[in-house]
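Visitor: Could you take me through one part of this protein up close? I'd like to look at the aromatic side chains and what surrounds them.

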Amino acid sequence: MKTICIAILLASVLCFGAIGSSAFAQDVDTEAIQVFLKKYVGEWSVDATVYSADGGEFYATGKETVRMVGEWLTSDSEIVEAQITFHGVIGFDEEKEKIVGVGIASNKAVMILSEGEFNKERNELVMFMEGSNMAGQLVKQKEITTFPKDGERLTEIYQRVSDDDEWEILFELTYARTEK
């Protein structure tokens with residue numbers, strides 16, 4: 001059961017999870033957004049740390065392939081231990097002036113929708129979603145992705161724990177590029 005809950009959590013991340021509203025307002029720089037999104041392209045290995053409410057941790061590994069299709073990214077991912085695959089699409093929606101995404105997982109009959117923004121000053125992508133927590137409950141989540149250095153990507157997923165915009169970390173994914 002623990003493996004299934006972890007796989008559900010990872011599904012919302014690896015496929016660019018999310019529903020929600022922006023955490024910040026900014027002028028849209030579509031060129032900077034496209035430059036940032038192109039950093040995702042390639043083959044990646046992933047090490048995941050999942051945090052439970054009782055302070056425990058669980059580790060999993062996976063792999064991901066990301067390609068550009070026009071202005072959009074497509075993602076094909078797998079969590080090795082759970083034998084679950086994920087497929088996602090993410091890109092800039094000119095009408096909404098936001099980055100949007102959609103994802104599906106082989107173990108879930110739910111389409112994961114996402115919406116967020118690129119913060120140029122912080123060089124990070126912030127997406128909002130509804131996803132499953134460790135107890136299998138649907139909760140509001142926030143995903144923050146950065147590229148700390150060339151060939152490395154860090155994604156942190158938080159769940160909203162109060163109406164006062166308080167968040168706690170659910171898991172952390174560290175990606176290493178294996179091929180461009």
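Guide: F36, Y40, W44, F118, F147 and Y175 come together as one aromatic cluster. Please keep in mind that this is a predicted model. Across the whole structure, a search turns up seven aromatic pairs. Take F36 and Y40 to begin with: their ring centres are 6.1 Å apart and their planes meet at 80°, so this pair counts as edge-to-face. F36 and Y40 are both buried.

Now turn to W44 and Y175, another edge-to-face pair, with 6.2 Å from centre to centre and 85° between the planes. W44 belongs to strand β1 (residues 42-51) and Y175 to strand β10 (residues 167-179), so this pair ties together parts that lie 131 residues apart in sequence. W44 and Y175 are buried as well. Y175 has a charged neighbour too: the charged end of R153 sits over its ring, 3.6 Å from the centre.

Ten strands close into a barrel, in the order β1-β2-β3-β4-β5-β6-β7-β8-β9-β10, with antiparallel pairing. From one strand to the next, the twist averages 25°. As a reminder, strands of a sheet pair through backbone hydrogen bonds, either parallel or antiparallel.

Follow the strands around and you can pick out individual pairings. Eight bridges link β2 with β3 in the antiparallel sense, and V66 has S75 in β3 as its bridge partner. The hairpin of β2 and β3 has two residues between the strands, and G70 there takes a positive phi near 65°. Next, β3 and β4 run antiparallel and are joined by seven bridges; here I79 is partnered by I84 in β4. The hairpin of β3 and β4 has four residues between the strands, with Q83 in the turn showing a positive phi of about 50°. Further along, strand β5 (residues 98-105) and strand β6 (residues 112-119) are antiparallel partners over five bridges, and V102 stands opposite L113 in β6.

One last stop is E143, which you will find in strand β8. Is E143 buried or exposed? The relative accessibility of E143 is 3%, under the 20% cut-off, so E143 counts as buried. E143 and I157 are 14 residues apart in sequence, yet their C-alpha atoms are 4.5 Å apart in space.

Technical notes: Residues numbered from 1 in each chain as written. Predicted model: local features only at pLDDT ≥ 70, side-chain atom pairs only at ≥ 80, totals over all residues. Heavy atoms only, no water. Phe/Tyr/Trp six-rings, centres within 6.5 Å; stacked < 30°, edge-to-face > 60°. Buried < 20%, exposed > 50% of the residue type's maximum accessible area, 1.4 Å probe, protein only. Lys NZ or Arg CZ within 6 Å of the ring centre and 35° of its normal. Pairing = 2+ DSSP bridges. Axes fitted to C-alpha atoms, helices over the stretch in contact; angles between N-to-C directions.
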